[in-house]
Amino acid sequence: MERLRVDPIACDAFGYCAELLPEMVWLDEWGYPVIDEAPVPPHLLEEARAAVRACPRKALALHRFDGPPRAPRSPGTPRPPRPAVPPGAADTPSPPAGAVRLVARTTDRRRGPVRGG
Ligand code: SF4
């Protein structure tokens, strides 16, 4: 089974993929593709490959996977909620005070390494 994936960094929102495969790709309000995460049905595989080939930024790809099949999502169906993040788990720990001072004293962007200190 194969799934479509888009590289959001490479994509430039040309929208060819949505024109070539409207059954599985929609465009958001900025013109970026929203991809159906369900496996590409066999009868759409050739259109999916054509959409991948037509992507001018090589941002669209087909990936093989062996996981359990997912039900197809139709346009407008909300995504399932993300699992809750425990309080404090998303916080980035601050570096120890000594490490911050060491970096600040040993580098200078304009002059390079600082001697001594
Ligand atoms: S064809 Fe490629 S660049 Fe254009 S919207 Fe689709 S993924 Fe993005």
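1. Helices (H or I, at least four residues) and strands (E, at least two) are taken here as DSSP runs, numbered from the N terminus. On that basis the protein has three helices and six strands, and its elements, read from the N terminus on, follow the order β-α-β-β-α-β-α-β-β.

2. The model is a predicted one, in which local features need pLDDT of at least 70 and side-chain atom pairs count only at pLDDT 80 or more, while totals for chains, interfaces and linings use all residues. Residue numbers start from 1 along each chain as its sequence is written.

3. Of the 117 residues in the protein, 12% are buried, where buried means that 20 or more other C-beta atoms, placed from the backbone, lie within 10 Å of the residue's own, exposed means 12 or fewer, and partly exposed lies in between.

4. M1 is placed in the segment before β1 (2-6), and M1 counts as partly exposed because 16 C-beta neighbours lie inside 10 Å.

5. G76 sits in the loop between β4 (60-64) and α3 (97-106), and G76 counts as exposed because it has 6 C-beta neighbours inside 10 Å. A C-alpha separation of 9.8 Å is found between G76 and W26, which are 50 residues apart along the chain.

6. The ligand is surrounded by 14 residues, the closest being C11, F14, Y16, C17 and C55; a residue counts as near a molecule if its C-beta atom, placed from the backbone, lies within 6 Å of it.
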